Amino acid sequence: MSKINAEWHRAHVMPANPTDAQRAAWHYEHALHCSCREITPSIAALLDAQGYKLPRAPDRPPAKK
């Protein structure tokens, strides 16, 4: 696990009861700006279902599909 981007997290709080589209957008941006955790298979599936290409943070190896 890498270092958390606390500033990004403070500025980007997940909305209460988010739609799948909101969740996907949040997790996509999170993966681009913070490397505190890996993309889980369920989040990868959500991103795929919402039309996002799996992002890769600069210090993270490519996600396996």
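The secondary structure of the protein chain consists of three helices, with zero strands. Read from the N terminus, the order of the elements is α-α-α. Among the contacts in the protein chain whose separation is 6 or more, 48% are made by residues 24 or more positions apart.

The protein chain has 65 residues, of which 25% count as buried.

The cysteines were examined for disulfide bonding. A disulfide is a covalent bond between the sulfur atoms of two cysteines. Zero disulfides were found in a search of the whole structure. For Cys-34, the closest cysteine sulfur is that of Cys-36, at a distance of 3.6 Å. Likewise, the closest cysteine sulfur to that of Cys-36 belongs to Cys-34, at 3.6 Å. A disulfide requires the two sulfur atoms to lie within 2.5 Å, and the sulfur atoms of Cys-34 and Cys-36 are therefore too far from each other for a bond.

Cys-34 counts as buried because its relative accessibility is 2%. Cys-36, with a relative accessibility of 10%, counts as buried as well. Cys-34 and Cys-36 are thus buried residues whose sulfur atoms, 3.6 Å apart, are not joined by a disulfide in the predicted model.

Technical notes: Residues are numbered from 1 along each chain as its sequence is written. This is a predicted model: local features need pLDDT of at least 70, side-chain atom pairs count only at pLDDT 80 or more; totals for chains, interfaces and linings use all residues. Side-chain values use heavy atoms; hydrogens and water are left out. Helices (H or I, at least four residues) and strands (E, at least two) are DSSP runs, numbered from the N terminus. Buried means under 20% relative accessible area, exposed over 50%, partly exposed in between (1.4 Å probe, protein chains only). Contact means heavy atoms within 4.5 Å.
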